Amino acid sequence: MVGAAVLWGTAGTAGLLVSADSVALAAARLVIGGAALAVVAWTAARRSTKVITPGLLLGAVAVAAYQLCFFAAVSRTGVAVGTVVAIGSGPVFTGLLSWVLHGRRPSGRWALATTAAVCGCAALIVGGGTQTGAQVVSGTLFALLGGLLYAFYAVMAAGAIGRGAESNAVMGVMFGGAALIMLPVLALHGAAWLTEPRALLAVLYLGLGTTALSYLLYGLGLRTTPVATAATLALAEPAVAALLGLVVLGERLAPMSLAGLVLLALALVAVAVPEKQEGKAVPERELESRA
């Protein structure tokens with residue numbers, strides 16, 4: 001899970017090598033990464049039955065819609081607010097959806113650690129200087145919708161993997177479907193910029209590294225990690241992005257951002273350490289999931 005978050009955290013730095021429109025860049029990234037995952041899914045599907053389900057098809061729509069909601073939020077509220085709301089609300093929605101749909105009630109420690117992680121994430125990003133757009137209310141709603149969409153496709157993937165589906169096949173179905181949805185978006189915004197060697201290399205890394213490989217790791221993590229915990233661990237992404245900005249781009253972190261980074265790190269450690277199960281019986285549903 002942390003490996004996937006580290007890869008996601010490098011996306012912003014790699015994206016600086018491309019001068020294309022942000023929506024076109026996101027569409028190209030998803031098309032390339034989704035196509036690669038679809039190939040992996042075709043291979044994995046031989047060992048897994050009933051991979052293409054209504055839930056995963058809806059998850060594919062959610063993957064594509066998340067991209068559009070995120071950029072709609074950022075364009076209205078600014079990068080800091082849009083990112084904090086979208087990324088910060090994801091783990092909260094994931095825990096709630098996992099509870100409602102799968103009956104897995106998050107623990108008190110998860111709730112405390114997630115709250116601390118979201119606060120640390122907010123301090124990390126906002127501490128760097130908040131740029132607020134004019135349409136704050138509508139942008140915030142788009143960001144919340146993005147967080148909900150992320151939670152939905154994460155819970156759908158976790159449910160399919162918990163029922164015995166191959167994790168690579170699950171990710172391939174969702175992201176392969178999302179790639180098909182985003183093809184018209186890429187065509188609408190134009191792809192002539194991909195002829196530039198530096199832009200092509202950057203997009204290949206974004207698609208194959210920060211999308212295909214990262215979600216293969218994410219799927220592997222979902223085999224043994226509760227989806228609510230996985231969503232909280234994914235908050236390592238902005239921390240990695242901030243550290244890359246500090247080391248690679250020569251950016252400076254304000255005291256609030258440094259405090260947020262420390263708080264986020266402590267919260268991720270707290271949520272990653274397995275809770276003791278002494279004296280507690282393992283639910284039959286969890287035993288079936290593990291099997």
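**The aromatic cluster and its helices**

A: In this predicted model, Tyr 153 counts as buried because its relative accessibility is 4%, below the 20% cut-off. Phe 175 is likewise buried, with a relative accessible area of 3%. Tyr 153 and Phe 175 form an edge-to-face aromatic pair, 6.2 Å centre to centre with 85° between the planes. Tyr 153 lies in helix H7 and Phe 175 in helix H8, so the pair ties together parts that are 22 residues apart in sequence.

The two helices run as residues 136-162 (H7) and 167-189 (H8); their axes come within 9 Å and cross at roughly 145°. The crossing is right-handed. On the H7 side, Tyr 153, Ala 157, Ala 160 and Ile 161 meet Ser 167, Val 170, Met 171, Met 174 and Phe 175 of H8. By class, this contact has eight nonpolar residues, one polar and no charged.

Beyond its neighbours within four places in sequence, Phe 175 is in contact with Leu 30, Gly 34, Leu 37, Val 63, Tyr 153, Thr 211 and Tyr 215. Tyr 153 and Phe 175 also belong to one aromatic cluster with Trp 8, Tyr 150, Tyr 215 and Tyr 218.

The largest nonpolar core has 84 residues, and those with the most contacts inside it include Tyr 153, Met 171 and Phe 175. Helix H7 supplies the largest share of this core, 12 residues.

Technical notes
Residues are numbered from 1 along each chain as its sequence is written. This is a predicted model: local features need pLDDT of at least 70, side-chain atom pairs count only at pLDDT 80 or more; totals for chains, interfaces and linings use all residues. Side-chain values use heavy atoms; hydrogens and water are left out. Axes are lines fitted to C-alpha atoms, for helices over the stretch in contact, and angles run from 0 to 180 degrees between N-to-C directions. Helices (H or I, at least four residues) and strands (E, at least two) are DSSP runs, numbered from the N terminus. A crossing is left-handed if the near helix is turned anticlockwise from the far one by less than a right angle, and right-handed if clockwise. Contact means heavy atoms within 4.5 Å. Ala, Val, Leu, Ile, Met, Phe, Trp, Tyr, Cys and Pro count as nonpolar, Asp, Glu, Lys and Arg as charged, and the others, Gly among them, as polar. A nonpolar core is a set of buried Ala, Val, Leu, Ile, Met, Phe, Trp, Tyr and Cys residues joined through side-chain atoms within 4.5 Å. Buried means under 20% relative accessible area, exposed over 50%, partly exposed in between (1.4 Å probe, protein chains only). Rings of Phe, Tyr and Trp (its six-membered ring) pair if their centres lie within 6.5 Å; planes under 30 degrees apart count as stacked, over 60 as edge-to-face and the rest as tilted.
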